[in-house]
Amino acid sequence: MSIFTGAAVAIVTPFNEDCSVNYEKLDKLIEYQIENNTDAIVICGTTGEASTLSHEEHLDVVRHCIKTVNHRVPVIAGTGSNSTETAIYLSKEAEAAGADAVLLVTPYYNKATQNGLYVHFKDTADAINIPCILYNVPSRTGCNILPETAVRLAKDVKNIVAIKEASGNISQIAKLLQLADGCIDVYSGNDDQIVPIMSLGGIGVISVLSNVAPQQTHDLCQACLDGDYKKASKMQLEALPLIDSLFSEVNPIPVKKALNLMGFEVGPLRKPLTEMEDGHTNILKENMKTYGIY
């Protein structure tokens, strides 16, 4: 059984002005997501600024999210690392906290061979019992999971059940789905490729857009799941200007700005991320207005 189908939000981590975690605002975001039919919540991923959270903060945020959600939708904890030992530690703690699944990013900076990726993901998954989603995002990690490696992992490791594909390479993703023949669930990791990937057999998205438009992103995915690709394509194209603005600077700079413009008061970013430039902000505002969320 799939962990979820449809749209999961890669939720931001709100901060106070001193950059400590703002749990009150995190609760507000979680309730907004659930009220607007988000299908799952991914906590402490790239959009959640996990890379600048200490391990203690990271796990506190995961535990808090799980407690607040209280089984209403699946909670998927980002627990990946470029250190296999650290990924195992974070994954074990997330499982103990009650996470429904973990999201494991490819090792960054030190990278790895395909065999190294296999060993890294297998060792991490073997250390826990809950489902694992591989996360392929070469633009951020410098490391690409080839389709053959993903399929090998899915066939060899019982709890590696899905992959978030953010390579942007539709040909690679098509090959993955062809080779997998149903052995691994594929989620789009790019909001501008939801319809293309789902039309090939993907079952949803792990989404930045969902932070600001959860109902619309859910509805877009549902149209795909219902086989109404004419409706889904129209929705995808209508969302493209906003999606472009949400990635006009490195994620999550624009989405945090958008949430602040919407009144969610998610606070600043942790350095080295800095506030959005005025020119990009003005375009973001216009695209939010056109999309009806500002």
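Visitor: How many salt bridges does the model contain?

Guide: Since the model is predicted, side-chain atom pairs count only at pLDDT 80 or more. The count comes to twelve salt bridges.

Visitor: Which helices hold arginine 63 and glutamate 93, and what does their pair tie together?

Guide: The side chains of arginine 63 and glutamate 93 form a salt bridge, with an N to O distance of 3.1 Å. Arginine 63 belongs to helix α2 (residues 55–69) and glutamate 93 to helix α3 (residues 84–97), so the pair ties together parts that are 30 residues apart in sequence.

Visitor: How exposed are arginine 63 and glutamate 93?

Guide: Arginine 63 is partly exposed, its relative accessible area being 35%. Glutamate 93 is also partly exposed, at 27%.

Visitor: Which residues are linked with Arg63 in a network of salt bridges?

Guide: The network of salt bridges links Arg63 with Asp60 and Glu93.

Visitor: What is the spacing of lysine 234 and glutamate 238 in helix α10?

Guide: Lysine 234 and glutamate 238 are four residues apart in helix α10 (residues 229–246), and are therefore separated by about one helical turn. Their side chains meet in a salt bridge with an N to O distance of 2.6 Å. Lysine 234 counts as exposed, at 51% relative accessibility, whereas glutamate 238 counts as partly exposed, at 45%. The two classes differ because exposed requires over 50% relative accessible area.

Visitor: Which residues of α2 and α3 make the contact?

Guide: On the α2 side, the contact is made by His55, His58, Leu59, Val62, Arg63 and Ile66, and on the α3 side by Thr86, Tyr89, Leu90, Glu93, Ala94 and Ala97. By class, the residues of this contact divide into seven nonpolar, three polar and two charged.

Visitor: At what angle do α4 and α6 pack?

Guide: α4 and α6 pack at an angle of about 30°, and their axes are 10 Å apart. The two helices are therefore roughly parallel to each other. α4 passes α6 in a right-handed crossing. In this contact, Gln114, Asn115, Tyr118, Phe121 and Lys122 of α4 meet Thr149, Arg152, Leu153 and Asp156 of α6. The contact has three nonpolar, three polar and three charged residues.

Visitor: Which residues of α6 are buried, and what covers them?

Guide: The cut-off for buried is under 20% relative accessible area. In α6, Pro147, Thr149, Ala150, Val151, Leu153 and Ala154 are buried. Their cover includes α4, β5 (132–136), β6 (160–165) and α7 (170–180).

Visitor: What surrounds proline 147?

Guide: Proline 147 is found in helix α6 (residues 147–156) and is buried, at 5% relative accessible area. Leaving aside neighbours within four places in sequence, proline 147 is in contact with Gln172, Lys175, Leu176 and Leu179. Proline 147 and leucine 177 are 30 residues apart in sequence, and their C-alpha atoms are 8.2 Å apart in space.

Visitor: Is glutamate 49 buried or exposed?

Guide: Glutamate 49 is buried, with a relative accessible area of 3%. Glutamate 49 lies in the loop between β2 (40–43) and α2. Apart from neighbours within four places in sequence, glutamate 49 is in contact with Thr13, Phe15, Pro252, Lys256, Pro268, Leu269, Arg270 and Leu273.

Definitions and conventions
Residues numbered from 1 in each chain as written. Predicted model: local features only at pLDDT ≥ 70, side-chain atom pairs only at ≥ 80, totals over all residues. Heavy atoms only, no water. Salt bridge = Lys/Arg side-chain N within 4 Å of Asp/Glu carboxyl O. Buried < 20%, exposed > 50% of the residue type's maximum accessible area, 1.4 Å probe, protein only. Contact = heavy atoms within 4.5 Å. Nonpolar A, V, L, I, M, F, W, Y, C, P; charged D, E, K, R; others polar. Axes fitted to C-alpha atoms, helices over the stretch in contact; angles between N-to-C directions. Parallel < 35°, antiparallel > 145°, perpendicular 65-115°, else oblique. Left-handed = near helix turned anticlockwise from the far one by under 90°.
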